[in-house]
Amino acid sequence: MSNQTEVLSASVQAKSGRLYAVISYKTSGQRKTAWRTLELKEGTSQTKINKEYRRVLNEFEQELLGSAVRTSRTVADSPVYDYLCDWYEWKKPRIQINTQTSYRSMIHGKIKTYFTARPAITVGNITKKDITEFYNSMYATGAKGSSVLHFHTLLHGAFKQAYLDDEIPFNPFDKVERPKKEVFVGEHYSEEEWKTVLRLVKTDDLYPAIMLAAGLGLRRSEALGARWSRIDWSGGTILLDTKIVEYRDERTGQKIVEPVEKMKNQSSRRTLPLPDMVMEMLQEQKAQQELYKSMFRGSYNMKNDDYVCVTKLGDLLSPGYATRHFNELLKKLGMRHIRFHDLRHTFASILINRDVPMLKIKDFLGHSDISTTVNIYAHLDKSSKKTSASLISDIFAERAESGVSK
């Protein structure tokens, strides 16, 4: 089979109001098609279209040339960035979509910028000094330890694969001290602030997601992924096995919001009891959705009929929207600013203040290890001795008695 790589044809095509270069090419005897965004909208002047089209096509041809060169050399002789591009393509089907997006950003961002300026550093000759200098270059631009740790995790994994494949005699990243993650102390509301915000946002379309995050300690993606079919109405529980992710399609650059039935870790797939106030919200939301279906009929998106958190027309709420709109709501209401994720911290802090043991909080939050829970919330721990799960219901019962649900 021929190893020749060449562009056969290319054209500009529109999709969802955006312009793309659609490129047909041949590599190793196989004909393939690639879409590359021009970052332009339909209606852009032809001069601009032609300029961007030539730029994108030239970049693609350079990619093909680089790919052809990479296939003719050993992994050990490959420059770091080139190897990581190939490793990512191998790794991609083995990791979740959010991780794909993160890896792609790191590889084609800081890693590309740093290592393409140092082509003499290869997979086979990279040293502890080279690695340390790369990390130091990130610290020098203001990167935090947690960010550098993400790069270390990616690079260590990629070079571990080269070692396991017998391409290099050892993993050079084993010799480097693992970057230290900062101790993060999340913001959280007091019980009074918590009750107030839940009361004030009750008429907003984000209310169900806010209630699920604040009332069950869910992550943003978990709250948005809550499903009607996972609720045991008689047993008063909900199974969390779906999350909503948001990313840009590699091929078209188009933003995609979709459900994924693969959680962050095994512990994240969990069944939780539904406190009274959460159950009431779900019942009201279910009735509201049925009303919207009858009102909007054919305009209602029945594809998302199983999801709790949707718009009036049945469209999924994106994680980005949840973050932005929550910030806008707090500003409008004059509430102290916290992140959407801090609703989860608020939930945990309330349980800790009510003497719920860390182990039970770990199970509620879906942490894979108790050390994660302790590291995040140790500053709030009151060395509790109570063990009853009914404490969760007690907290919400007090809330109902206080009249917050009115």
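Select the largest pocket to begin: its volume is about 2100 Å³. A pocket here is an open set of points on a 1 Å grid over the protein atoms alone, where a 1.4 Å probe fits, with protein on both sides within 12 Å along at least five of seven lines. The model is predicted; local features need pLDDT of at least 70, side-chain atom pairs count only at pLDDT 80 or more, and totals for chains, interfaces and linings use all residues. Residues are numbered from 1 along each chain as its sequence is written, and side-chain values use heavy atoms, leaving out hydrogens and water.

Next, display the 43 residues lining this pocket (an atom within 4 Å of a point); H150, K181, R219, K264 and H341 lie nearest its centre. Helix α3 (97–116) gives the largest share of the lining, five residues; helices are DSSP runs of H or I with at least four residues, and strands are runs of E with at least two.

Then select R230 and D241, whose side chains meet in a salt bridge at 3.0 Å, N to O. The term denotes a side-chain nitrogen of Lys or Arg within 4 Å of a carboxyl oxygen of Asp or Glu. R230 lies in the loop between α8 and β4, D241 in the loop between β5 and β6.

E261 is exposed (over 50%), at 56%.

Finally, move to helix α9 (residues 276–296), where K286 and E290 lie four residues apart and their side chains form a salt bridge at 4.0 Å.

Terms used. Grid points are joined across faces, edges and corners, and a volume is the space filled by probe spheres set on the points. Buried means under 20% relative accessible area, exposed over 50%, partly exposed in between (1.4 Å probe, protein chains only).
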